[in-house]
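Q: I have a sequence and a structure to look at, and I am new to both. Could you take me through the features one at a time?

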Amino acid sequence: MTALTALAADTPSLVQSVDWPAITPVVVPAAVALLVLVADLFTPEARKPVLGWISVAGLAAATAALLPLRAGDRTTFCLTADPGACSYTADHFALVVQFLVLAGALVTALLSVTGVRDGRVPAGEYWFLLLSSAAGAALLPASRDLATLIVALEVASLPAFALVGMRRGDRMSSEAALKFFLSSVTATAVSLMGVSLVYAATGTLHLTRVADRLEDVPGQLDTLAMAGVALTLVGFAFKTAAVPFHFWVPDTYVGAPLPVAGYLSVIGKAVGFTGLILVTVIAFPAYSDVWGPALAVLAALTMTIGNAAALRQSADRPQSAVRLLAWSSVGQAGYLLVPIAAAAYSGRDQIGSTVAYALMYAAVNLGAFAVAALVARTRPLHRISDYRGLYAERPAAALALAFFLLCLAGLPPGIIGLFAKVTVFRSAVDAGLGWLAVVMAVNVVMALYYYLRWTALLFHTPQTEGRAPAVTKAPWPLTAAIALTAVAALALSGAPQLVLRFASGSLFPL
């Protein structure tokens, strides 16, 4: 017995401690998702809307749970033999992205309350899937090993496939979900192959350890490691809708319910960029000469093709408004890629520019989808021409949409859009990527045309012939979603330092 006691005392414990406050922003939406799923079984049809409000409350609580963590110094699920190697880190980067994800999911939930009640959407399943996806998206920025990263990516993505196809009896919705599913599963398989090759070359999954071991890979494993790095990046490039992995975006946005399309354009994109940032600047800095030029080329192609396709949208074509927002989101993805590419040349502090831009983009793009959901209540064809004279019918909604579009274009009074573009442009110049800065400048000018054309249409004389009258009063959850995004956009334009400070410092612990 004495010998066994002595042996136990000398053996390091394999039990990992759990920092529950650190993981609360992930646990809360996951727990509420299970609660909603079970409650749906016992809730009569007339009382189904309460499930939506439970979901809204859960997302609000998860967002509030970030406040005690604002110091950015919490880690958990660490190796007992190496406390520096942790699977979950609540640093400033993780907290900022978690705020973006959870606040974006909260706005999406507000947009969805009325749509779920009025549409052909099963309430319990919808709220369970949305909360599950939000939990996975909140887990991903804090993930610090490749296994957790892939699991979080799939937990965020798999419910999104079902959300796209939630409208029963809608052929377009089912087709969009199938395209999204097949292309995403292919990308995930490629990423898993890449992760397995990286593990074979390094013998570890923790990102910091992967980075250390890739610095000194044996010559016979160098090709294996390089292939693993390239394949891992492919899956995350798909999630960001980077060209040539963008083909699923227009049809998916058109086929999905508008709140889900808005969710994919912001939270889905945030998931992809977060994963891409973690694997490049944390795990694969040793191969920056491989992923740096590749991401720079992807950024140039993505912004150019996205903006060129948005320019081609006809105002009178059904679904043209949603398609323009879809192609615009592809173009915006190109801007978001620029600082990540720049990080390969001038250090990972450039990542702050992507985070600052993503925060601006999330507020204004969700706001644009919120106004689109309001207009779609009376004009369900989603044509750009349906917005002609919107100011005469709904002045507040028209002014809000005009402001959102000007922010996306980077024009005053959308100061935050202008400043965010300048920070991204500066990151390219500081990294010596002058050619990429020129391509970005050309694309910003291209985008001005379609953003300004839509903005001007809002203030034209309305065409009343053959049009349904405007609803006298919008549902208050929809109004609240528009108001929240408008207030956020106005606050950021009035005090751009709220997010631009992330562009001037490191979000990762030294």
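Q: Among contacts in the protein chain between residues at least 6 apart in sequence, what share joins residues at least 24 apart?
A: The model is a predicted one. In the protein chain, 79% of the contacts between residues at least 6 apart in sequence join residues at least 24 apart.

Q: How many helices and strands does the protein chain have?
A: There are 20 helices and two strands in the protein chain.

Q: Where do the charges come in?
A: The protein chain has 30 positive and 25 negative charges. The mean position of the positive charges and that of the negative charges are 13 Å apart.

Q: Which residues of the largest nonpolar core touch the most other members?
A: In soluble globular proteins, nonpolar side chains tend to be buried together. Here the largest nonpolar core has 187 residues, and Trp 127 and Trp 454 touch the most other members. Helix H14, residues 351-375, gives the most to this core, with 19 residues. Beyond its neighbours within four places in sequence, Trp 454 has contacts that include Ala 321, Leu 324, Ile 384, Tyr 387 and Leu 405.

Q: Is Phe 161 buried or exposed, and why?
A: Residues under 20% relative accessible area count as buried. Phe 161 has a relative accessible area of 7%, so Phe 161 is buried. Phe 161 lies in helix H6, residues 146-164. Setting aside residues up to four places away in sequence, Phe 161 touches Ala 177, Phe 180, Phe 181 and Ser 184. Phe 161 and Leu 129 are 32 residues apart along the chain, and their C-alpha atoms are separated by 9.4 Å.

Q: Why does Val 190 count as partly exposed?
A: Partly exposed is the class between buried, under 20%, and exposed, over 50%. Val 190 counts as partly exposed because its relative accessibility is 25%. Val 190 is placed in helix H7, residues 171-202. Apart from neighbours within four places in sequence, Val 190 is in contact with Leu 231 and Val 234. From Val 190 to Pro 293 there are 103 residues in sequence and 20 Å in space, C-alpha to C-alpha.

Q: What does Thr 76 touch, and where is Thr 76 found?
A: Thr 76 is found in strand S1, residues 74-78. With a relative accessibility of 2%, Thr 76 counts as buried. Not counting residues up to four places away in sequence, Thr 76 touches Ser 17, Val 18, Asp 19, Ile 23, Cys 86, Ser 87 and Tyr 88.

Q: What can I say of Val 121 in the loop between helix H4 and helix H5?
A: That loop joins up with H4 at residues 92-118 and H5 at residues 123-139 in the sense that it lies between them. Val 121 has a relative accessible area of 15% and is buried. Residues that Val 121 touches, leaving out those up to four places away in sequence, are Val 116, Tyr 126, Met 166 and Arg 167.

Q: Which residues does a cis peptide bond join?
A: Most residues other than glycine have a negative phi, and most peptide bonds are trans. A cis peptide bond joins Val 243 and Pro 244, with omega about 10°. Another cis bond joins Pro 412 and Pro 413, with omega about 5°. Pro 244 lies in the loop between helix H9 and helix H10, and Pro 413 in the loop between helix H16 and helix H17.

Q: What is phi of Ala 241 and of Gln 319?
A: Phi is near 65° for Ala 241 and near 70° for Gln 319. Each value is positive, in a residue other than glycine. Ala 241 is placed in the loop between H9 and H10, and its relative accessibility of 2% makes Ala 241 buried. Gln 319 is found in the loop between helix H12 and helix H13, and at 17% relative accessibility Gln 319 also counts as buried.

How values were computed: Residues are numbered from 1 along each chain as its sequence is written. This is a predicted model: local features need pLDDT of at least 70, side-chain atom pairs count only at pLDDT 80 or more; totals for chains, interfaces and linings use all residues. Side-chain values use heavy atoms; hydrogens and water are left out. A nonpolar core is a set of buried Ala, Val, Leu, Ile, Met, Phe, Trp, Tyr and Cys residues joined through side-chain atoms within 4.5 Å. Buried means under 20% relative accessible area, exposed over 50%, partly exposed in between (1.4 Å probe, protein chains only). Helices (H or I, at least four residues) and strands (E, at least two) are DSSP runs, numbered from the N terminus. Contact means heavy atoms within 4.5 Å. Lys and Arg count as positive and Asp and Glu as negative; His and the chain ends are not counted. The place of a charge is taken as NZ of Lys, CZ of Arg, CG of Asp or CD of Glu.
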